[in-house]
Amino acid sequence: MSNRQGFGKAKEGNGITFFKVGEDESKRFRIFPPKGKLANSGTWAVYHQLHYGYSVPSPNDPNKTFFRPFLCVEEKDGDRVIVSCPECRKIEDTRRISEEQYSAEVSRCLALKMPQAQAEAHASKLIENHTIWLNGEKGFGGHKLDRKWYILAMGEDEQIGFLIIPHKAKKAIDVQKKKLKADEGIDLLDIDNGAWVEVTRTGNFRNTEYSANIVQEHTTVNGVRAKVTKVSGFTEEQLGCALNLPDLDSSSLVRRITRDQVRMLTEGSGAPEEVESILNLAQRVERKEESPRPRMTPPVAKAEVKVEPKPVVPPIPHAEIEAHTPLLKTQPPPLDPQAAAIAALQAQLASLMAAQAPAAPKVPAPVAPPKAVAAKDLSDDEFLSHFGPAK
Ligand SMILES: [Zn+2]
């Protein structure tokens with residue numbers, strides 16, 4: 001037997017590929033049909049809204065931090081907000097206050113006969129902390145809500161992963177998909193006879209545009225050169241690889257945290273160690289369709305678990321969180337030891353935060369993000385873990 005048999009191939013990055021279409025770039029993709037739990041509903045693309053701006057310490061280098069994006073917890077019924085997201089509110093409030101302070105300062109300076117440009121520079125300096133909190137520094141590290149479509153696809157190099165694109169690009173693909181079906185009877189996503197689509201990005205910032213085109217190939221029919229749609233099927237190996245990747249709505253692809261955790265992040269200092277402990281609080285958000293854990297022990301009114309009296313942050317109930325049901329501060333502590341440990345940790349964290357934020361203003365003055373890491377300083381692995389899936 002050869003010693004070689006005991007070795008495998010090195011895994012690249014964290015094992016999941018994310019495709020993005022960069023500025024003035026064109027990339028070709030073969031999109032997979034819906035799989036896993038989404039196969040029945042025919043869902044081949046899922047829209048995720050992720051909050052960026054909170055970082056955790058790097059386990060290897062104390063001078064570096066990693067972003068840990070999480071899903072927005074806002075839920076809407078039409079235009080009516082059923083579950084409000086604390087981070088969305090904080091972004092709105094910070095933006096509003098920042099604009100108000102800016103205008104007021106410009107007016108004040110102009111009244112003192114300061115030249116317009118100088119007044120604006122003065123006002124910009126005044127709201128600098130808000131600006132950094134919202135937009136980051138050098139376009140990196142801001143608190144923003146990133147809205148994107150996630151699509152399971154294969155790239156031209158036969159790498160299989162997730163295509164992440166904005167709504168404009170998804171709409172462009174939808175148009176081509178519909179047209180291909182109507183004109184040629186081809187299902188773009190068909191497992192055996194689907195087609196490749198090329199996504200092109202042009203312009204930048206607010207003028208960024210996306211277009212999509214069905215990939216054509218040259219062929220000769222009866223001696224005449226013609227362009228036809230390039231049709232192909234997936235191999236068993238490619239399908240196996242795709243099946244092994246998380247479903248588009250899976251928590252292992254996008255991090256889900258509870259509304260309480262989001263609130264704790266917005267009320268906290270933003271220090272990476274604190275962010276990490278909040279994110280590490282047990283995940284109790286189970287989507288209803290994701291087979292929630294059965295309730296093992298019902299909560300009882302008087303449990304034999306010691307927690308700090310009247311914790312600022314209510315303990316997470318044992319079963320899945322009904323985020324739209326307001327949690328009462330008098331809620332009995334959970335019974336099982338794990339939940340009790342979480343409650344104790346939350347209480348500890350809450351008292352820590354209370355000590356740090358004495359007056360608890362409606363909108364705490366945002367602090368500059370700690371040690372934003374420039375993308376160029378990161379290794380590929382580190383970069384991936386910035387933007388990679390939940391861990
Ligand atoms: Zn939100």
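## Helix 3 and its cover

Helix 1 is part of what covers the buried residues of helix 3. Helices here are DSSP runs of H or I with at least four residues, strands are DSSP runs of E with at least two, and both are numbered from the N terminus. A residue is called buried if 20 or more other C-beta atoms lie within 10 Å of its own, exposed if 12 or fewer do, and partly exposed in between, with C-beta atoms placed from the backbone. The model is a predicted one, in which local features need pLDDT of at least 70 and side-chain atom pairs count only at pLDDT 80 or more, while totals for chains, interfaces and linings use all residues. Residue numbers start from 1 along each chain as its sequence is written.

Which residues of helix 3 are buried? In this helix, residues 128-135, they are His130, Thr131 and Trp133. These residues cover an arc of only 165 degrees around the axis, so they sit on the same side of helix 3. The arc is taken from the directions that run from the helix axis to the C-beta atoms. Just after helix 3 comes Gly136, with a positive phi of about 75 degrees.

## The chain as a whole

The chain contains 9 helices and 18 strands. Of its 391 residues, 23% are buried. Two residues are in contact if their C-beta atoms, placed from the backbone, lie within 7 Å. Among contacts between residues at least 6 apart in sequence, 67% join residues at least 24 apart.

## Helix 6 and its partners

Helix 6 (residues 259-267) is mostly covered, with 7 of its 9 residues buried. The buried ones are Arg259, Asp260, Gln261, Val262, Met264, Leu265 and Thr266. The axes of helix 6 and helix 1 (residues 86-111) come within 8 Å and cross at roughly 30 degrees. Pro86, Glu87 and Lys90 of helix 1 make this contact with Arg259, Val262, Arg263, Leu265 and Thr266 of helix 6. By class, the residues are 3 nonpolar, 1 polar and 4 charged. Ala, Val, Leu, Ile, Met, Phe, Trp, Tyr, Cys and Pro count as nonpolar, Asp, Glu, Lys and Arg as charged, and the others, Gly among them, as polar.

Helix 6 also packs with helix 7, at an angle of about 170 degrees and with the axes 9 Å apart. Axes are lines fitted to C-alpha atoms, for helices over the stretch in contact, and angles run from 0 to 180 degrees between N-to-C directions. Helix 6 and helix 7 are therefore roughly antiparallel to each other, a term for angles over 145 degrees. Gln261, Met264 and Leu265 in helix 6 meet Val275, Ile278 and Leu279 in helix 7. This contact has 5 nonpolar residues, 1 polar residue and no charged ones.

## The two sides of helix 7

In helix 7 (residues 272-280), the buried residues are Pro272, Val275 and Ile278. Seen down the axis, they fall within an arc of 125 degrees, so they line one face of helix 7. Glu273 and Asn280 are exposed on the other side of this helix.

## Nonpolar cores

A nonpolar core is a set of buried Ala, Val, Leu, Ile, Met, Phe, Trp, Tyr and Cys residues joined through C-beta atoms within 7 Å. The largest has 26 residues, and those with the most contacts inside it are Phe29, Ile151, Leu152, Ala153, Leu163, Val197 and Val199. At least two residues each come from strand 11 (144-155), strand 12 (160-165), helix 4 (167-184) and strand 14 (197-202). Strand 11 gives the most, with 6 residues.

Leaving aside neighbours within four places in sequence, Val199 is in contact with Val21, Lys27, Phe29, Ile165, Ala169, Ile173, Tyr210 and Ala212. A second, separate core has 15 residues, including Ile257, Met264, Leu265 and Ile278.

## Residues in loops

Leu38 lies in the loop between strand 2 (26-31) and strand 3 (45-52). Its C-alpha atom is 8.1 Å from that of Leu248, which is 210 residues away along the chain. Leu38 counts as partly exposed, with 19 C-beta neighbours inside 10 Å.

Most residues other than glycine have a negative phi. Lys113, which is not a glycine, has a positive phi of about 65 degrees. Lys113 is in the loop between helix 1 and helix 2 (116-126) and counts as exposed, with 7 C-beta neighbours inside 10 Å. Glu158 has a positive phi of about 70 degrees and lies in the loop between strand 11 and strand 12.

Key:
Angles under 35 degrees count as roughly parallel, over 145 as roughly antiparallel, 65 to 115 as roughly perpendicular and the rest as oblique.
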